[in-house]
Amino acid sequence: MANPDELAAGRPVVLRGGTVLTMDDAHTILADADVLVTGDRIAAVGPRLEAPDGALEIDASGGIVMPGMIDTHRHMWQTAMRAYGADWTLTQYFVWNYLEHGRKFRPEDIHAGNSVSAWESLEAGVTTTVDWSHNLHTPDHAEAAVDALRAVPGRSVLAYGNIQAGPWEWTADPAVRSFFGRHTADDMLGFQIAFDVTGDPAFPEKPAFEVARELGLAVTTHAGVWGATNDDGIRLMHENGFMTPETVYVHAATLSTDSYQRIAATGGTISVSTESEQSAGQGYPPTWQVRRHGIPVALSMDTSVWWSGDLFSAMRTTLGADRSREHFEAHQKGETITHCSLRAEHVVEW
């Protein structure tokens with residue numbers, strides 16, 4: 001184990017003899033290879049690299065060396081109540097966080113949740129986390145969220161949201177606009193806008209999309225969640241021109257073929273939270289049908305109120321859910337699956 005003080009001294013680091021998952025387009029795997037890190041960049045990958053003078057050498061033999069993982073949807077503020085809702089349904093989660101106790105969160109509570117969550121992410125090998133921060137009642141809450149994210153190593157994206165008001169209301173608040181005027185994205189912290197589209201024919205969320213476009217920020221939205229969001233929301237987004245390649249659709253577990261085709265045609269990404277979907281009730285984890293439409297998939301943990309902060313758990317549960325659906329459908333037709341369509345390398349890429 002490397003001494004943190006040695007790493008902090010800025011010495012080059014060489015990871016020796018590991019199985020390296022390069023995660024390039026060809027999914028190249030290098031056995032018994034080295035990784036050289038100089039400063040904040042990977043300088044070289046390959047067998048028996050020459051180490052610079054003074055480099056710290058770490059024996060990675062018998063281990064896997066891979067890039068840090070990316071969680072595309074985690075309600076970090078809720079980690080202040082980590083594991084509190086282990087047996088909740090989605091309804092109980094909504095009542096506790098949205099209608100009752102969530103509105104009592106102070107800026108310091110948001111800071112506490114984000115701090116614990118950011119360290120939890122790093123401990124699990126997640127080096128980039130999208131903070132789906134939908135309890136920012138005031139810009140002071142948002143400032144607290146940013147302060148916590150800045151204080152912990154790793155990359156973060158603050159997806160600004162507020163479940164206590166309609167998105168057409170809080171995005172129009174001059175104080176919220178002022179927040180974005182004070183904060184600009186850099187290599188370590190980015191920004192998105194986070195809100196949901198209910199499917200109301202009046203499309204009240206339209207002004208929020210316009211603000212996001214004006215600010216140059218991507219929108220991340222919970223789509224296809226049983227009892228909350230549906231195909232009407234996708235249709236309204238599409239008809240009004242607000243589905244873009246930057247849009248991330250979280251869960252997307254109860255959508256129709258038409259909605260998946262709209263997402264595919266506009267280049268969006270679906271963030272799947274398998275542990276959450278299979279237990280809370282958003283819908284059956286959708287990778288089995290998302291794959292049919294060629295839509296890019298990203299994995300996420302959702303919230304540590306229920307689940308672990310570990311994307312290895314997400315990968316395993318996603319393989320299990322997808323494969324069990326494939327087997328089940330085949331058995332219904334009297335057929336047998338002899339080769340799994342979803343492979344381990346796919347969920348690692350996701």
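Here are my entries, beginning with the ground rules.

**Ground rules.** I am working on a predicted model, where local features need pLDDT of at least 70, side-chain atom pairs count only at pLDDT 80 or more, and totals for chains, interfaces and linings use all residues. Residues are numbered from 1 along each chain as its sequence is written, and side-chain values use heavy atoms, with hydrogens and water left out.

I looked up strand β6, residues 69–74; strands here are DSSP runs of E, at least two residues, numbered from the N terminus, and helices are runs of H or I, at least four residues. Five of the six residues in β6 are buried, meaning under 20% relative accessible area with a 1.4 Å probe, protein chains only. I found β6 paired with β7 (residues 126–133) in the parallel sense, over four bridges; a pair needs at least two DSSP bridges between the strands. Arg74 has Asp131 of β7 as its bridge partner.

**Cavities.** I counted two cavities of 30 Å³ or more. A cavity is a set of points on a 1 Å grid over the protein atoms alone where a 1.4 Å probe fits but cannot get out, and lining residues have an atom within 4 Å of a point. Volume is the space filled by probe spheres set on the points, which are joined across faces, edges and corners.

The largest cavity has a volume of about 70 Å³. Of its 13 lining residues, Ala118, Thr129, Pro153, Arg155 and Ser156 are the closest to its centre. I noted β7 again here, as it gives the largest share of this lining, four residues.

The second largest cavity holds about 50 Å³. Among its lining residues I listed Val197, His222, Asn230 and Met237. Both β10 (218–223) and α8 (231–239) give two or more residues to this lining.

**Pockets.** I then turned to open sets with protein on both sides within 12 Å along at least five of seven lines, which is how a pocket is defined.

The largest pocket has about 1900 Å³ of space. It is lined by 46 residues, with Val37, Met66, Pro67, Gly68 and Thr127 nearest its centre. Strand β1 (residues 13–21) gives the largest share of that lining, four residues.

The second largest pocket has a volume of about 480 Å³. I see 28 lining residues, of which Tyr98, His134, Ile163, Asp196 and His222 lie nearest the centre. Helix α2 gives the most to this lining, with four residues.

How values were computed
Buried < 20%, exposed > 50% of the residue type's maximum accessible area, 1.4 Å probe, protein only.
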